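I opened this entry to look up the strands, the aromatic pairs and the core. The notes follow the order in which I checked them.

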Amino acid sequence: MPLEAVEARRLYRQVADQLRSLIDSGEYAVGSRLPTERELAEQLRISRPTVREALIALEVEGRLRIRVGSGIYVIEPAAVAATAPASVIEGPFELLRAREFLESAIAEEAARVATKDDVARIDASLVAMGNVEHPGEASMVHDRAFHVAIAGSLGNAVLVRVVGELFDQRLNPYFAQLAHYFESPGTWRTALDEHRAVRDAITAHDPEAARDAMRDHLARSQERFAQNFGAEKAAAPSSGRTARSTAKPSKPERAPKKKRAESSSARQR
């Protein structure tokens, strides 16, 4: 029997698989409401962004329906045409964290080497961004042009390609579904101001400010996508059953306190 390739599954996919199994087993019946993101994160001992990526994946598959301000509900699979993508897709927060790490370093170097022509290209993308409506395809085109123009100022075709390809992952169904909930003309104006701060630092040839401005922009993008879209005080699933993975909140809360106490003792020593 030939060996099969071993795939390291992303954490959010593991969470999605676990929740899907609970739904398939009847632990969460069609029409029932799942625990909130916060509760799921506590039960699974993982971050809320990872839980959110898993929930978005299941919604794209047609297993869940997220109702902003109400909660997360199990739906009948046949009622939704969407199916899970065949290939494993990077989670939205995974992508944004990667961009934050890479593009902040690129912006820092751009502040050292950007020429007048480079700045002109950055400015042209900003002007175009300010003249389009968002959300929309045109706004994404100009947003991409801004980030690629900054990378282009370094004169490295590999970095230009990587930045462009990372940005293009916004077109994957998970990222698009998340953006559907949280992107608006208001968030676009805020993001545009953040872009201008990056541009100003680059034109001032201030590497540290450029790095921090880009890091701030992409960190805030993550914060915007991390806003609550379910009811935090949602009731337990209407089926009356409790997930087998439920854990007592007091348990994970005591551990950090113990660590802080130990850390304090260590400092005193």
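Below are my notes on this predicted model.

Hairpin. I66 has I72 as its bridge partner in β2. Three residues lie between the strands of this hairpin, and G69 takes a positive phi near 80°. From β2 (residues 71-74), G71 and Y73 point one way, I72 and V74 the other way, and all are buried. In a regular strand, side chains alternate between the two faces of the sheet. I also noted R67 over the face of Y73, 4.5 Å from the ring centre.

Aromatic pairs. I counted three in the structure. The planes of Y12 and Y174 stand at 90° with the ring centres 6.1 Å apart, so I logged the pair as edge-to-face. Y12 is in helix α1 (residues 11-24) and Y174 in helix α8 (residues 173-182), so the pair ties together parts 162 residues apart in sequence. Y12 counts as buried at 2% relative accessibility, and Y174 is buried at 1%. F175 and F225 form another edge-to-face pair, 5.5 Å centre to centre with 90° between the planes. F175 lies in helix α8 and F225 in helix α10 (residues 207-225), so this pair ties together parts 50 residues apart in sequence. F175 is buried at 2%, and F225 counts as buried at 4%.

Core. Which residues have the most contacts inside the largest nonpolar core? I found L55 and I150, in a core of 61 residues. Beyond four places away in sequence, I150 touches residues including I106, I122 and M214.

How values were computed: Residues are numbered from 1 along each chain as its sequence is written. This is a predicted model: local features need pLDDT of at least 70, side-chain atom pairs count only at pLDDT 80 or more; totals for chains, interfaces and linings use all residues. Side-chain values use heavy atoms; hydrogens and water are left out. A nonpolar core is a set of buried Ala, Val, Leu, Ile, Met, Phe, Trp, Tyr and Cys residues joined through side-chain atoms within 4.5 Å. Buried means under 20% relative accessible area, exposed over 50%, partly exposed in between (1.4 Å probe, protein chains only). Contact means heavy atoms within 4.5 Å. Helices (H or I, at least four residues) and strands (E, at least two) are DSSP runs, numbered from the N terminus. Two strands pair if DSSP finds at least two bridges between them. Rings of Phe, Tyr and Trp (its six-membered ring) pair if their centres lie within 6.5 Å; planes under 30 degrees apart count as stacked, over 60 as edge-to-face and the rest as tilted. A charge sits over a ring if NZ of Lys or CZ of Arg is within 6 Å of the ring centre and within 35 degrees of the ring normal.
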